[in-house]
Amino acid sequence: MLNLIVGILYLVSGRTARANEGATGSRFVCNAIPPGAEPGCGYGPTGNRVQSTSQVEDELRNTIIQLRETILLQKETIVSQQGTIKELNSKLARCESSADDTSQSRARGQGSRRKEYGKNTMGDLPRDPSETIDQLGKTMQSLKGRLESLEQQQQQQLRLPGSNLSLTSGGGGGGGGGGGPVASLPPLAPLPTELREVLRQRLEVLEGQLLRKVSELEEEKSQLLNETAGHRQRTESMLSSLLERITELERTNNAFKSPEDFKVSLSVRTNYLFGRIKKSLPEMYAFTVCMWLKSSASPGIGTPFSYGVPGQANEIVLIEWGNNPIELLVNDKVAQLPLSVSDGRWHHICITWTTRDGFWEAYQDGERLGTGDNLAPWHPIKPGGVIILGQEQDIVGGRFDATQAFVGEMSQFNMWDRVLRPGDIIGMANCSAYMPGNVIPWVDTNVEVMGGATKAPLEICEERAFDS
């Protein structure tokens with residue numbers, strides 16, 4: 001078909017060329033056709049469309065267009081037919097393979113033929129309808145026979161010797177139902193005398209066992225109640241004893257004549273005996289610390305008190321460590337104090353400090369023994385720290401060193417947020433006046449002892465008079 005169409009186009013083109021050549025006596029000039037333009041000779045050398053008024057050329061052009069469309073349609077038809085041919089060839093090959101399998105199964109016999117049908121991947125049924133119907137009929141007959149056999153076996157099992165149990169197919173009846181099998185049970189026969197006696201004896205034995213078990217449970221219940229009552233009584237007795245002990249301890253702790261008349265004893269140089277002030281310090285630009293100390297520890301009395309804040313464990317520390325003199329630390333800056341209190345007697349100690357120029361003063365027994373300056377000048381005392389009696393802090397509130405622990409007794413630890421006048425300090429030292437600290441007062445409820453440290457009553461003025 002394609003060859004025929006190409007030949008027609010060739011002949012038509014040749015005629016057109018000869019006609020034009022005879023009419024004009026010239027040759028055709030082949031020019032490039034713009035993309036998308038229709039084929040023909042209506043274009044000039046520059047590719048522009050040249051208008052033609054020849055009727056023959058229009059007819060030829062229309063014929064060429066129709067032939068091209070016909071060629072395209074036939075091409076599509078050929079491609080479609082090729083796909084159909086491939087699909088038919090594939091189906092033919094499958095049918096041939098199925099025919100071969102069918103011929104092989106027929107040669108093996110009827111029984112094997114059903115088996116091959118089961119293996120057929122196409123899932124086809126036997127091609128003969130009568131054969132399928134016969135197979136279904138045989139299957140139904142087989143199932144019916146098996147059902148009847150099962151019913152006969154059940155009837156034989158239900159027919160017990162000496163009983164009147166039977167299965168009857170009922171048609172009528174008061175129930176008005178169908179004709180299914182109905183089981184009728186005869187009334188029970190009276191039990192023999194021997195069997196009734198055996199059953200009675202067995203029931204008596206079981207009743208006796210039950211009564212004994214109930215009695216045992218009742219006894220266990222009463223024992224548990226008695227034990228619970230005894231346990232409750234013992235618990236109440238222990239609680240009463242604890243309450244009495246707590247009351248006695250509270251009475252002992254409140255036995256001081258006044259809230260400030262007590263002392264804290266730290267008798268062993270360890271890292272776990274200490275006292276703790278429950279209150280903390282505000283921000284301060286000056287302070288005065290006064291206390292009574294009694295110690296004969298050597299070398300050095302240790303650390304009477306320390307104040308640590310987050311970021312600075314040595315915010316305020318009073319310490320005598322080893323063979324060094326007593327030192328005052330403010331913001332970890334050190335000033336040595338001319339004090340000596342390690343003679344085993346009570347001594348009154350007061351220390352003042354102000355942030356202005358870092359000026360400090362040291363008093364012992366009312367007498368000012370030394371002054372100095374440039375001790376952490378212009379540094380305000382930071383708030384929110386912890387005051388520990390008897391230990392030097394490496395972290396806030398802990399990590400104590402036994403070699404720096406205070407050994408001895410202390411009392412009336414007071415702190416002010418200002419520098420006291422010398423007259424006030426002398427009055428407290430000679431027991432002519434008592435001034436509780438406006439920041440940290442020495443009261444029983446404000447001091448707690450840890451690790452074996454003790455609090456005991458003390459009237460410091462009488463004790464000091466006895467020492468002298």
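Tutor: This is a predicted model. The part to look at is an open sheet of seven strands, in the order S9-S8-S7-S6-S13-S4-S15, with antiparallel pairing. Its edge strands are S9 and S15 (447–450), each of which pairs on one side only. On average, neighbouring strands of this sheet are turned by 20° against each other, with direction ignored.

Start at the S9 end. Strand S8 covers residues 327–330 and strand S9 covers residues 333–336; the two run antiparallel and are joined by four bridges. S8 and S9 form a hairpin, with two residues between them. In the turn of that hairpin, Asn 331 has a positive phi of about 55°.

Now go to the other end of the sheet. There, strand S4 (residues 274–277) is joined to S15 by four bridges, and this pair runs antiparallel. Ile 277 has Val 447 as its bridge partner in S15.

As a general point for reading any of these strands, side chains in a regular strand alternate between the two faces of the sheet.

His 347 counts as buried because its relative accessibility is 8%, under the 20% cut-off. Its side chain makes a polar contact of 2.8 Å with the side chain of Asp 343. Leaving aside residues up to four places away in sequence, His 347 touches Met 291, Trp 292, Leu 293, Val 341, Gln 364 and Asp 365.

Notes: Residues numbered from 1 in each chain as written. Predicted model: local features only at pLDDT ≥ 70, side-chain atom pairs only at ≥ 80, totals over all residues. Heavy atoms only, no water. Buried < 20%, exposed > 50% of the residue type's maximum accessible area, 1.4 Å probe, protein only. Polar contact = N/O pair within 3.5 Å; in protein donor to acceptor, adjacent residues only side chain to side chain. Contact = heavy atoms within 4.5 Å. Pairing = 2+ DSSP bridges. Axes fitted to C-alpha atoms, helices over the stretch in contact; angles between N-to-C directions.
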